[in-house]
Structure formats: structure tokens, C-alpha cells
Amino acid sequence: MSKLAVSSAWEARLAEENKQRRNDKRTVFQRDRARILHSAAFRRLQAKTQVLGAEHSDFYRTRLTHSLEVSQIGTGIVAQLKEKQPDFKPLLPSTSLMESLCLAHDIGHPPYGHGGEIALNYMMRNDDGFEGNAQTFRIVSLLEPYTEQDGMNLARRTLLGLLKYPSLLKHTRRLQLPEDVKEFRHLKAALWHPAKGIYEDDFDRFDWVLEGLSDKDANLFTSLRRAPDDHHHGRSQYKSLDCSIMELADDIAYGVHDLEDAIVMGIVQRDQWQEAVASKLAECGDPWLETNISHLSEQMFGPHHERKDAIGALVNTLLTSIAIEPAVQDGVNRFDDPLLQWNAKLTDVMHNVLGVLKAFVSEYVVQKPELQVIEYKGQQLVMELFDAFDADPKRLLPVITRDLWLKDVADGKTGRRVIADYISAMTDGYAQRLYATMFTAANQGPLHQIR
């Protein structure tokens, strides 16, 4: 076997399938892509906020359009890697696999973005917490009702690619939690950012993915770069090749495409861009970018077609600067499996360029008080909903969710993970209408949640 050959174990599924599909010629990963694309969890992304919400414009990107853009960038990265480094073709993911990872990467995010995530993490503080990537793994491997008990029953390599943080949350979470708040309005978001990892409830399925690795590789893959202490979360240090490509595509979409929304809506001004971005890129160390940043800036704040040209140029500049490199730690590559031996990486110069763009979006868009007020509203709303369902679940939870809650309690658990699953699946609008129905006198009419 070639040192870059991928084991057939990565195409295995947790549950055996006996699908009656006449003349079905699709690959394993083409079927995975179809399962994700047709899932309720994916459809709900159309009504979940990316950075800007419906309160600002009908032009805004949702989690759905963001995921489609990530998919387009991800497949572009794969195509250029196959051209630039053809020796790695046997190892690189198929277009269908990369599309699967990019389309699914955000389906675990709750309503109201990070506000909803912080709210659920606080409400689940004594029950292993809540985190969007952990919820993604839970949805695809358990909750999405494509199968009775195994979620979408995706291939092992697809699940590996979705593991951005391959450690259990109980191992990465800070050792001492902040004090509880007496009122939800007093919760400080900065104190309740979630740790990154996988829920202990999902350990069996996480462990099944790791069975594709040798014991040595599995232990190293799940090891931490930084151990948790009383005040800081720990951090995992490795990811698969497929995941590294998907993450780069996600970061580029965030740093460039989300910036476009802010410019179109007038949230970002030309002088802010010039001071925080253009002046830095003019001395970034990349000759082409240094030469062209002035023209790109003119286009960025010019007519629509020119802005599109500038956005495309920035994406292309970043995308073509990606190469496959050894996944080394302390100068040593210790993995046996080729899917872990290699990662896709930007050059140091382009890594810094993307960092400048991401920092700009974070400071001048995401952290803008007008947007934080909406995120705060969603945070309060989610905590209030959770509190009500947790107080009287038998009375308030929908029948299907109530049955899952009863089963969870019968197994000796608190049932709160079921409540978190229910609320995190809601769209922004559904959560808002449900809140109004439960807590205000306004008549909202019937509520129908996509299943």
C-alpha cells in the first residue's frame, strides 16, 4: 500500500445499511452529501443568523448562504492542491466529501449565533456544557432522523473531518466555573464562552470514529496543546487533513465574504478599512498584494461589480497560497495515518493577512454594539426558554421531545441535554415566536417546527 493510500476503514458506517436503490452508482461520500443536503438541520440554516440578521437588511448572509460559500471555497482549495501538489491526489478528499464537510460544519449552531451558544452553555453548565461544533457531531451521528438511532450514519472519514476539536469537553473545560448569576440579565458573555470538544454523551460514537486509527495515533490525535486551568479552557492540537481544508475555507469566508455584507450595508466605513486593513496589507510581505491593495480598496468601496471583483481577488490570493505540509509538533511528525500526517496550511504571510481580515470583521462588525444588542436579546430569550422547559418539561415540551426527556431521566440523567437539543435546533424566528407565545399576550398563531 502506498504511504498516501487511505484505508477502506474510513468508508465504513457505524450502522449497516441495506438500502434498496436500483442502479445507484454514487460513491460513499456522494451519498453523505445528499444526506446532509436534504436534512432538516441543514434547511434550518436558512433562518439562522451568520453575522448580520434580518433586522439589518434583506441582503444579509445566513448560516445557509455562508455554508454554501464555504463549500465553494473548500472545493476550490482541493482543486488547486491537486494541481499544485499532484503527488497528494490519492490522499485529497473528493469534491463530494469536501462539500459534505463544508455544508455540515455549522448545523450545530443554535439560534442567535454566539449569543445562543453562550446562553445554552450557561444553562448546561452542570451538564457538560454546550458548544456548536460538539452539537454538529451530535446531530449528524445521533439526532438527525435519517436513521432510527445513528443520525445520518455518515462515513467514518466524513465524521473525522467534522472533528475540529477531537477531545471530550470534560477534558478541555476550565477547572473552575464562574459563579452563577442571580438574574439572566447579569450574565457576562465573556465569562461563559464554551470550551471546544465533544460531549461525553457522544463518547461511544466519537470512539467509533477513532477506531479507524491505531491506538498510538488516537491517543496523540486527542491530546491537548494546552491543558485547562482554573480560568482557561484547554485546547486540542490536531485535526485531520480534510478538516484543515474545511477550516481554512470557513475562515476565508468569514474574513472576506462576511466583510462584503458589512460594506454593502454601510456598517464598515472606508476610513476604518484604510486604517485597520489597507495600511497593514500594504506592508504585509506579499508583493502582489502590496502592489494592488490600493486598487482593491477602491474597488471594495466602489460599484457592485467592482466590489465583487475585489472580493474574488482576495479569496483567490488566499486560496492559492495554501499548500499541504506535514502536521508536525516540536519539529516531529508522529502520526502513522496519512490523513493525520498532513494538513493544509496558508503561508505565514497569508496567514497574517487572513488574521488582519478576521480581526477587522470581529472588531468593526461582530463586536459593534448595535449587533451585540441583538445577540444579547437572543441570549436572554434562549435562557428564558430553557428555564421554562427545565422547570416543567412534562407540561411544556412537545410530545416527541418529552418522550426523549422521559427516556433520558429514566436512564438516570437530568434530561437537560434533550432540552438543549430541542432549543438549539430552533431557527431565530421560531425561537422568537415561541418566546412571544409563552411570555407575552400577543397571539402568534400556530407554531410549526421543521422536523
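Which element gives the most to the lining of the largest cavity?

1. The model is predicted, and local features need pLDDT of at least 70, side-chain atom pairs count only at pLDDT 80 or more, and totals for chains, interfaces and linings use all residues. Residues are numbered from 1 along each chain as its sequence is written, and side-chain values use heavy atoms, with hydrogens and water left out.

2. Two cavities of 30 Å³ or more are counted. On a 1 Å grid over the protein atoms alone, a cavity is a set of points where a 1.4 Å probe fits but cannot get out; lining residues have an atom within 4 Å of a point. Points are joined across faces, edges and corners, and a volume is the space filled by probe spheres set on them.

3. The largest cavity has a volume of about 60 Å³. Its lining includes Leu14, Val140, Asp150, Arg205 and Trp208. Two or more lining residues come from each of α6 and α9 (203–210), and α9 gives the most, with three residues. Helices here are DSSP runs (H or I, at least four residues), numbered from the N terminus.

4. The second largest cavity holds about 40 Å³ of space. Among the residues that line this cavity are Asn121, Arg173, Trp192 and His233.

5. The second largest pocket (an open set with protein on both sides within 12 Å along at least five of seven lines) has a volume of about 970 Å³. Of its 29 lining residues, Arg138, Leu142, Leu143, Leu404 and Asp421 lie nearest the centre.
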